[in-house]
Amino acid sequence: MHVLLTGATGHIGSTILVSLLTQHPHITHITTITRRPFTPPSLPPPPPPTTHTSHTPPTHTNIVLDTFTSWPPHILSQIAHADAMIWAMGNSTPDPEVNFNYPRVFIESFLPLLAPKPNNKKFQFMYLSGALASPSQTAPLYFMPAARRVKGRFETFALEFAARNDGVWSSWVLRPGGVYKEGSWMEWTYLHMTFK
Ligand SMILES: NC(=O)c1ccc[n+]([C@@H]2O[C@H](COP(=O)([O-])OP(=O)(O)OC[C@H]3O[C@@H](n4cnc5c(N)ncnc54)[C@H](OP(=O)(O)O)[C@@H]3O)[C@@H](O)[C@H]2O)c1
């Protein structure tokens with residue numbers, strides 16, 4: 001299975017990349033797509049081989065894309081046979097460019113490459129949204145309204161896109177809450193305040 005990943009330089013995306021590289025035997029190749037060159041995170045030592053765990057680690061390539069507003073043919077040709085995309089790029093601002101247009105342009109550019117696959121396998125598009133995203137564009141929101149609406153607007157777009165292209169495309173919306181780094185103030189708050 002060939003998996004695409006955006007946001008691999010970020011907090012969540014870099015952890016996803018380590019997981020893809022180490023924990024999923026059915027993944028054969030990972031292509032990260034970033035706006036700048038980066039060094040992949042160092043990997044934990046592999047577990048001792050057993051009959052259940054021994055597998056060939058996936059290969060990894062990175063593509064640097066100057067702008068996510070267009071996917072040139074020479075880039076698309078490198079990823080045309082991918083099976084899935086994990087879209088972990090974004091931020092918690094209302095910026096419609098990074099939080100709506102960039103993933104929209106990707107799915108509209110990638111769709112024409114897809115032909116129906118054996119066993120009706122569909123392209124799997126996984127969008128990392130946020131726990132507070134609001135698909136409703138009119139419901140009153142008192143906390144970060146514009147940022148929550150732009151993520152909700154893209155969720156709706158991605159799900160409707162899958163419904164329109166049902167034979168070849170599946171969209172998944174993932175809504176994490178707070179994701180903290182080990183040793184960060186968020187971890188301290190979670191460990192010391194949540195359960196007391
Ligand atoms: N962290 C959380 O607690 C949390 C919780 C729920 C949802 N989320 C959502 O999950 C997504 C990732 O969060 P994160 O914490 O991993 O964020 P992050 O550490 O700030 O990483 C953001 C990623 O998006 C890329 N990016 C941002 N703006 C870009 C642009 N204009 N063009 C190209 N790439 C761009 C960054 O690339 P560069 O490295 O090049 O800047 C980076 O790879 C966001 O949409 C966020 O809202 C996060």
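Modeller: Start with how elements get their names. Helices (H or I, at least four residues) and strands (E, at least two) are DSSP runs, numbered from the N terminus. A residue is near a molecule if its C-beta atom, placed from the backbone, lies within 6 Å of it. Here helix α1 (residues 11–22) gives the largest share of the shell around the ligand, three residues. This is a predicted model: local features need pLDDT of at least 70, side-chain atom pairs count only at pLDDT 80 or more, and totals for chains, interfaces and linings use all residues. Residues are numbered from 1 along each chain as its sequence is written.

Biologist: Which residues come nearest to the ligand?

Modeller: T9, G10, H11, I12 and G90 do, out of 20 residues around the ligand.

Biologist: How do the residues of that shell divide into nonpolar, polar and charged?

Modeller: Ala, Val, Leu, Ile, Met, Phe, Trp, Tyr, Cys and Pro count as nonpolar, Asp, Glu, Lys and Arg as charged, and the others, Gly among them, as polar. The shell has eight nonpolar, 10 polar and two charged residues.

Biologist: Now the sheet. In what order do the six strands stand?

Modeller: Strands of a sheet pair through backbone hydrogen bonds, either parallel or antiparallel. Two strands count as paired if DSSP finds at least two bridges between them. In this open sheet the order is β3-β2-β1-β4-β5-β6, with parallel pairing. β3 and β6 are at the edges with a single partner strand each, so one side of each has no neighbour in the sheet.

Biologist: Which residues are bridge partners?

Modeller: Take strand β1 (residues 2–6) and strand β4 (residues 84–87), which pair over four bridges. T6 has W87 in β4 as its bridge partner. Strand β5 (residues 123–128) and strand β6 (residues 169–174) pair over six bridges.

Biologist: Is V64 buried or exposed?

Modeller: Count C-beta atoms, placed from the backbone: 20 or more others within 10 Å of a residue's own means buried, 12 or fewer exposed, and in between partly exposed. V64 is found in strand β3 (residues 59–64). V64 counts as exposed because it has 12 C-beta neighbours inside 10 Å.

Biologist: What does V64 contact, leaving aside its neighbours within four places in sequence?

Modeller: Contact means C-beta atoms, placed from the backbone, within 7 Å. On that basis V64 is in contact with T34, R35, R36 and P37.

Note on methods. Contact = placed C-beta atoms within 7 Å.
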